[in-house]
Amino acid sequence: MHETFYDVMRRQGITRRSFLKFCSLTAASLGLAPSFAPQIANAMETKPRIPVLWLHGLECTCCSESFIRSAHPLAKDVILSMISLDYDDTIMAAAGKEAEAIIEETIKKYDGNYILAVEGNPPLDQEGMSCIIAGRPFVEQLKHAANHCKAIISWGSCASWGCVQAARPNPTRATPVHKVPGIASKPIIKVPGCPPIAEVMTAVITYMLTFERLPSLDRQGRPKMFYSQRIHDKCYRRPHFDAGQFVEAFDDEGARKGYCLYKVGCKGPTTYNACSTVRWNGGLSFPIQAGHPCIGCSEDGFWDKGGFYDRLTDIHGFGIEADADEIGGTAAMIVGGAAAAHAAVSAIQRARSSSSASTSAKTEAEPRAEGGDN
Amino acid sequence: MTIINTPNGFTLDDSGQRVVVDPVTRIEGHMRCEVNVDETGVIRNAVSTGTMWRGLEVILKGRDPRDAWAFVQRICGVCTGTHALTSVRAVEDALKIDIPDNANSIRNIMQLSLQVHDHLVHFYHLHALDWVNPINALKADPKATSALQIASAPRHPKSSPGYFRDIQNRLKKFVESGQLGPFKNGYWTNPAYRLPPEADLMAVTHYLEALDFQKEIMTTRTIFGGKDTHPNWLVGGVPCAINMDGELAAGAPINMERLNYVSGVIDRTIDFVENVYIPDIIAIGKIYKDWLYGGGISGKSILAYGDIPDKANDYSPENLMMPAGAIINGDLSKVHPVDVRDPEQIQEFVPHSWYAYPDESKGLHPWDGITEPNYVLGAKTKGSRTAIEQLDESAKYSWIKAPRWRGHPMEVGPLARYVIGYAQGHEEITDQIKSTLSALGGLPVSALFSTLGRTAARALEAQWAARKQRYFMDKLIANIKAGDSSTANTEKFDPKSWPTEVKGVGFTEAPRGALAHWIRIKDQKIDNYQCVVPTTWNGSPRDKEGNIGAFEASLMNTKVERAEEPVEILRTLHSFDPCLACSTHVIGPDGDELAKVKVR
């Protein structure tokens, strides 16, 4: 017997009216028009829960911790009513061989029809044994589960890019999921960030369940809906950038007035994420609002792009002659360069500078948003 | 068959059936455990293995010390922030930077939020399923559950029979769907589960309530640090500037609206801990109170560094609101002072760890630590190098080093802090312990040295921490009212102002226990960075003398109901709240050695 999300809500005594309201809110949180609400309602009323195997490699569990902080939908409702979280070593009751048996059972019962969610990444050095699951290298478990899944979600910057353990000199050769040698060719949805925003994580899942398809991805494999804009584009402090009003030092007059943090190292101009729009923890705040520059945690290799308090122009190799791979994308480089030039002149020529920078940003960013995997 | 008497008082006998649990689940990171169970079902030998290693400190070499907090914060996303706080303290110690009073209050609120959140999530979402049987909750009478709820926590508003019936129905349909999710393959028929159905239903209900509520606890950190998990920190203070009634206050990090938000969260947090978490511990504890296994070395050797400085910049035990000190040989009448700088006190050993030292008979203080991975297995290992069936504990068998305090393996964590506080006559702690033991039907203090004692101490500490948030919130507001809005000292923020070569140490009490980071800075860059973390202490393997670590000791002599269903093993290991990502990445100043190992 399969229960649907709607069944569960009704059994809890939730009225159809409240259920439809929930669907409208879900549509709104996904940035969709209200006309999508009936589609969501239909999906929730009729579908059994899709099995999810959530594996953990070398990581810090910040993605799971972020996930449980989701305000809409609540993590409780995702786990009880939307997906069937059959394997997640962080919360599952079973351990040891009973835990591992679940992977085999799921493969047998749902071959090609379950979602593989990966938090962290496998190390390839030390024979893979610097991350051991059930006496074997984690990379074996990962590849085995990937062979039989429908699609892979690479949660966070570890699974997407490598993140902190892959920062120079990467002592264990920690490797992001899509670069693991011999990994099955399955659609991979990267949801980067250290961690990703909770509501972005649950929205990616809800989108897939609701519309029965993978989200549109950009060239780097990230859902366009959340990763096609830079933090800087929608930052509430952007007018101060345009006005040439900067924080010069922490806790100075500018810091107290909420001026732009660009000069104390903000990576908002080169970071693609939804922090300045969706914000964090139920839309409560985001790093810049709390006075700290963005450290760019959703970007590939952000640990190795220079100090977090260095201005973007000071980043090693940051300039027109830089290697694109080193910077993590041509667009980021050109946009960043434009932003730097822009910052320098904005105090005197704010209007013209502003429009030219945003035009160049738009032109350069566009190719990144095209040609997704599906 | 071997029988070994360890110097720390345990008799190890590996002749019985070997039971392997890998992965140990419901922890942070990856861990394996092997035990030998005799014919009467009693654990006679225990082997605990850290099964992951990342090498974060070698990654830190050559970086900007002001950035270190962000790297080390990624040691752990469960105790998120505590490594960052330890790191900024280490850098400030090295550079002799004093932080403003407001920064001290804000950091304390953030650290205390973590204590509450981590303890609460640990109990309900990582530990409860060792005591609570969700399947048995289906048999409960919602009226009886309601009566139990009202009797155990009269002030908790969600207590009607209808409320519990709804939850039970939701659970019933969930189970009947056949898609059991996180409850799949649990040991639900094992007699080790002892709660009556109504208590199981109440606890499962609170599992869900806690899952909803926990996200709110951490929003104090979203306000002060911009996001959670992994909020932002700053060497010299906190990044969130204060602007109460000046121009543009609405867009400032901290203003009246933001402070009101934090204040509300603190009140609701205190309510939840006092009306849900604490009563549940008592209700569940009453039923399991004769299950007093799992003490291990908690009554013998415990360690705490102390934390939560009342006044800013004073890390002496007198100014720390969480207890500091060491107790050895079970002598509670003497709490020894602990100095993290003293090379004679803290040393790490590797004879049973997958690392190489030039001379493995000696321990090294973190200032002089070396970490060169050396993955080798003993001759008696069963299986192969990449398919281990059984480890050989007479050789190297873990990615965790063995830290010792003056040669003793030590237990750290909430229980260690509470026993040390009790031994010192810490008033609030003593009151909490006494009232809990009395609520459980007059248990002796020695009952604390158990799995249940560890679990209870964690809950009491969550309550203490929740209340102390209010103390620092009041202090912050009083200080702003007195005219001080300062949040950061940036005098030495520019690396050009630093001396050529300095070293420092920072420590905190992480949710799981004593945590310290040691840093050396040379030419404005990190020359060496060392962390000795709580699970390195608790999860330590054997040392050269053969002393077993706290996890291993705690499993000894426990009776298991069914050897193949490791409920009791999980129960006791979980009572430590293991954090394996934390414990397994110490690296030495000799970072170059790694390259040699890497290129095989």
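A: In chain A, 70% of the contacts with a separation of 6 or more join residues 24 or more positions apart. A contact here is a pair of residues whose C-beta atoms, placed from the backbone, lie within 7 Å of each other. The model is predicted, so local features need pLDDT of at least 70 and side-chain atom pairs count only at pLDDT 80 or more, while totals for chains, interfaces and linings use all residues. Residues are numbered from 1 along each chain as its sequence is written, and chains are lettered from A and ligands numbered from 1 in the order in which they are written.

Chain A has 374 residues, and 59% of them are buried; that word applies when 20 or more other C-beta atoms, placed from the backbone, lie within 10 Å of a residue's own. The chain contains 15 helices and 7 strands. These are DSSP runs, numbered from the N terminus: helices are H or I with at least four residues, strands are E with at least two.

Next, the domains. Chain A is split into domain 1, residues 49-215, and domain 2, residues 228-369, with bounds taken from an automatic or database domain assignment. Where the two domains touch, domain 1 of chain A supplies 14 residues and domain 2 of chain A supplies 13. On the domain 1 side, helix α9 of chain A (residues 198-211) gives the most, with 3 residues. That side of domain 1 of chain A has 9 nonpolar, 2 polar and 3 charged residues. Nonpolar covers Ala, Val, Leu, Ile, Met, Phe, Trp, Tyr, Cys and Pro; charged covers Asp, Glu, Lys and Arg; the others, Gly among them, are polar.

Chain A also touches chain B: 84 residues of chain A are in contact with 95 residues of chain B.

Technical notes. Buried ≥ 20, exposed ≤ 12 C-beta atoms within 10 Å, placed from the backbone.
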